[in-house]
Structure formats: C-alpha cells, structure tokens
Amino acid sequence: MSPSSLRFPGLRAVLASFFVYLYLPIIVLVVLSFNASPQATIWTGFSIDWYGRVLDNPDLMRAFRNSLLIATTAAVGATVLATLAALGTQRRQGGAVDAVNAVIALPLVVPEIVTAVASLLFFIMIGLRLGLGTVILAHLVFCIPFAYLPIRARLEGMDAALEEAAADLYATPAATFRRVTLPLLWPGLLSGLMLAFIISLDDFVITYFVSGPGATTLPVYIFGMIRIGVSPEVNAVSSLILLISIAFVAASWVIGRLKR
Amino acid sequence: MASPARSGRMLLTAPALAIIVAFMLLPLLLMAYISILEKGPAGGVRWGAHTVEAYVAFLFERDLADELVLNTDYLRIFLRSFWLAGLTTLITLAIGFPTALGMALAPPRWRTFLIFLVTVPFWANLLVRNYAWIILLRNNGLVDQARHAVGLGSGPLDLLYTPVAVLIGLVYSYLPFMVLPIFASLEKLDWRLVEAAFDLGARRWQALRRIVVPLAMPGIVAGCILVFIPGLGAFITPELLGGGKALMIGNLIQSQFGAARNWPFGAALSFALLALVLLAMLAYLLRYRAPPGAER
C-alpha cells in the first residue's frame, strides 16, 4: 500500500459503492430472469421456465443462429486481417506505421450511428441487397481494430532475439513463423479473436441499420421485444447474452495474462 | 535495418487497410457527398442536384411561400443532446475521478483485477444494460419498490421515459470511458510529489487541486471526450429510456432513414456529428501529442 493511500481516507468506500452501482442493475436483471411470476418485476418464486420459453421460440433461435454465423465469420476474418497487419508493422516505427494505425483505429473513433448511416447509404448506392452479407461486411470492418490491438500488443512484447536465433539456426522465414512466432503469438490471437467475436455478437446500432428483413440478429430481436414491453422472457434472453459476453471477456482476460 | 524483406513486409497491412478504406472511409465520403444532394421526391437522392438545403434544415424550414422561417424543433433536440451529453460528462467525472483515484491507490496486485471489473460492463451488451434500467426505473419497478419499503413516499416516481431517465442511462453506459483514462494518468503519477506537498504543509484538498488534478489532466480531458462524444451520438439510451419524449440527435438521424425518408438531412446530421468528433480529437492531439485514451 502506498503511503498516499493513507492520506485520502474513504476511497475504499467510494470504490465499493462504485462497483455496487456498476453491477447491481446487471445482477437484478439476472435474478429476475429466474422469477416465476409473469409480472417481470415482482418476485414470487424461483423458476427456469422462461429460459425454456426462450429456447422454444423459433424466431429467437433463428436470430441467435444468425448472430453466431455473423460473429464467427466477422471475427475470424478480422483476426486474419489484423494478424497480417500486426506482423507487417511489427517492430517498426515512423510515419507509415502511424498512418496504418490511424486507419485501423478509424472504426473506434467514428460514432456508431455515423458508421451505421454511412454503411447503409454505401450498400444501397452500390446496389448490395441488405442481408447477412452486408451485416458481415460491416462487422468485419469494426472487428479489425478489436482484434488488432491485443495481437499487436503481444507481438511488441515478444523478444526479437528468439526470431533472430531461429534465423541464425538456418530456419526459413516460414519455419520461423510457424515454429517460433506463432506459438508465442497464440494467446494474443485468441484474445483478439474473442474480443472481436463479442463486439460483433453484441452490436446493435450498425446491425439495425444494415440488416434488412432477412438478417435479424439476437440484439435486433431483443430490441424488438423490449419495444413491446418488459417481460420475463426478455429478462431471460438478456441474461443469456450478458453471461455469454462476460464469459468471453473473462476468458480473454485470462488468456491475455498467460505467461509471456 | 531496412532490408528489402522488411520493407516488403508492410504489404501485409494492405488487406486490412483495403477493407477499412473500402467499407468505412469510402462510405463516410459518400455520406458527406449525399449531405449536399437534393432529396428525391419519394426518398433517396437526386444525383447531380447540389444544395445546402440539408444544412439549412438544421435551423430553418420553408413555409408555404417558400420563405425560410426558424424551426426550433430540431434546435430543441440539439440543445437537449448537448445538455444531456454535457451533464453526463460532469456526473461521470464526479463519480469517475474518486473511483480512479481509489483504484490508483489500491494495492498493486488488486489493480489489474479492478481494471478488469471496470471493463466487463463495457463489453457487456449496451442494449441489455439499458434494459436493466427500465426494470429499475419503471413504475412499481425496483426503485419504486425499494422507496416504498423504506417509507420514502408512496405511488410511482414516474422516472422512466423522462430526460432524467436518459441521463441515468447515459451515465451508467459511459462511466468506464471516464474511469479508465483517468486511472491510466493517475497510475503513472509520481506520488512522491503528493507526499512532498503534504510535508510542506498542504492540506488534502490543496494537494489534490494543485498536484493530483493538474498531473491527471490528460486523462481527465481524454475521459471527457470519450464520454461526451458517444453521449452526443447516443441512440439506444434515449430510444429505450426516453421513450420518444427525450429524443436526441441519434434518434433524429435514425428517423431520417425510417419514417421521415430524408437521406440528405440524415447524412448532414451524421456528418456534423463526425466533424465534431474529428475536431475534438484534433484538439486533443495538438495539445497532448497522443490520441485520447491511447496511453492505456
């Protein structure tokens, strides 16, 4: 404990209340998803019926399958592109690398609603029919920076001597990559892949604009349900998507902290 | 060591750059162009017919005699958006600064876990996090129930579907964006400076105001930008918690591609929002020589 922490008393209480505030709404939502009552906010007893209802809802399950397909395709594509880009800028500095980083960060800088409008107009103008294809393309773009950052961080932290040693021992560049770089890189790769997957799975605004009628995703479907009203079914499906995200982020965090 | 192999390696960045340029940069340019086109009679645009009508429509409308008259409908939405985003920034700063200070002064082995706890809600679905507040705020929802249980008044509070509900939702949604950059600044702070201030007889408040806050300024400014900008363009929160009674710019933009069918106006609004973002980023870059939030 640093001496300064003794100078500012009460910070523990501030921290504790902050985290209660941050997590209480999420916990309330998850608890209420196990509520037996059809009145979404009045507790009458424990039940998992609403989860059964969710799994029996064919429209909802179709939306979920769409979401999985989109997130998998976009995340894998983005991870491949991001890995190539990170290898291209590895241990390099200067104007060109700064420019590459700036372009890759673009999807993080532009407000989502602006990206949504621009993508919608663009797809309509070039004559692409709105559907799964347009959603995957839009997701691919904003997944790239989320995959790029952990992969680049991992590459930058890597000891250059290892790759040089492999080269000194007559390994071809391909063999060096396969036997040295890739095994060291995989936690970064997996971490980037998972973050990209989660960002795609959770996206609502951009998907809402570019999905068209056939490509409803889980968040778009949930939005429609919320519009109709609060219900225990919405509580259940919301809890599910929350838990999926939290599980992925926690896993990605653990993997990202694996020994270098 | 710029061997040909190493400079050739830059080509590996080409596929990612090509995708972002083709499906992000080009669309943004197209959007900027569409904002200066005339709207088509049944939606869409009239190619080649240039006009600044969409920007004029921010403040004016044409009456029957085709003369410009001030239209305060949109102005009210702009003011509400700036007001709500500004207030959100102030409140998240008031909550976020002490929190970040607490995190920075926590024992080092706790810190990574605390950062993890702050980031988890950022990755959790925004739609769902706002929905949780509907459950809390709606009439006879949990806030009302808790209030009645402790005997603080009876009857509903009627919070949901008001600007206050939107404010609560915005603060909750963007709080991590304020805490993390301030924490990043505070974590690098040399606490011996603060100790020196105390040794020289500074009171707690003086040490904070004269030492800690000035040194944390890059983080504070970055946090304010990272909260204010998405707050200004918020769509989900006003849509769910404002219930049509507290519309913000994001909702106005969306309606131009739905019922209103005025693409140039929607594009102009989006472009104005984008211009604001870029100006804020540029100002930060010039002042602090690094993009906001990059020091994390």
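Visitor: Where in chain B is confidence highest, and where is it lowest?
Guide: Keep in mind that this is a predicted model. In chain B, the lowest mean pLDDT, 59, belongs to helix 1 (residues 4–8) of chain B. At the other end, with a mean of 95, is helix 2 (residues 14–34) of chain B.

Visitor: And what is the mean pLDDT of chain B?
Guide: Across chain B, 96% of the residues reach 70 or more. The chain B mean comes out at 87.

Visitor: Which helix of chain A gives the largest share of the side that touches chain B?
Guide: The contact involves 69 residues of chain A and 71 residues of chain B. On the chain A side, 56 are nonpolar, 10 polar and three charged. The largest share, 12 residues, comes from helix 2 (residues 11–32) of chain A.

Visitor: Which helices of chain B do the buried residues of helix 11 of chain A pack against?
Guide: Helix 11 (residues 218–228) of chain A has buried residues including Leu218(A), Tyr221(A), Phe223(A) and Ile226(A). Within chain A, the buried residues pack against helix 4 (58–88), helix 9 (173–202), helix 10 (205–210) and helix 12 (232–256). From chain B, their partners are helix 6 (126–137) and helix 12 (236–241).

Visitor: Which residue just after helix 11 of chain A takes a positive phi?
Guide: Look just past the end of helix 11 of chain A. The phi there is about 155°, and the residue is Gly229(A).

Visitor: At what angle do the axes of helix 9 and helix 10 of chain B cross?
Guide: Helix 9 (residues 191–199) and helix 10 (residues 204–215) of chain B have axes that come within 10 Å. Helix 9 brings Leu193(B), Val194(B), Ala197(B) and Phe198(B) to the contact, while helix 10 brings Ala207(B), Arg210(B), Ile211(B) and Val212(B). By class that makes seven nonpolar, no polar and one charged residues. The crossing is right-handed, and the angle is roughly 145°.

Visitor: What is the bridge partner of Leu37(B)?
Guide: Strand 1 (residues 37–39) and strand 2 (residues 45–50) of chain B pair in the antiparallel sense over three bridges. They form a hairpin with five residues between them, and Gly43(B) in the turn has a positive phi of about 85°. The partner of Leu37(B) sits in strand 2 of chain B: His50(B).

Methods: Residues numbered from 1 in each chain as written. Chains lettered and ligands numbered in written order. Predicted model: local features only at pLDDT ≥ 70, side-chain atom pairs only at ≥ 80, totals over all residues. Axes fitted to C-alpha atoms, helices over the stretch in contact; angles between N-to-C directions. Helix = DSSP H or I, 4+ residues; strand = E, 2+ residues; numbered from the N terminus. Left-handed = near helix turned anticlockwise from the far one by under 90°. Contact = placed C-beta atoms within 7 Å. Nonpolar A, V, L, I, M, F, W, Y, C, P; charged D, E, K, R; others polar. Pairing = 2+ DSSP bridges. Buried ≥ 20, exposed ≤ 12 C-beta atoms within 10 Å, placed from the backbone. pLDDT = per-residue confidence, 0-100.
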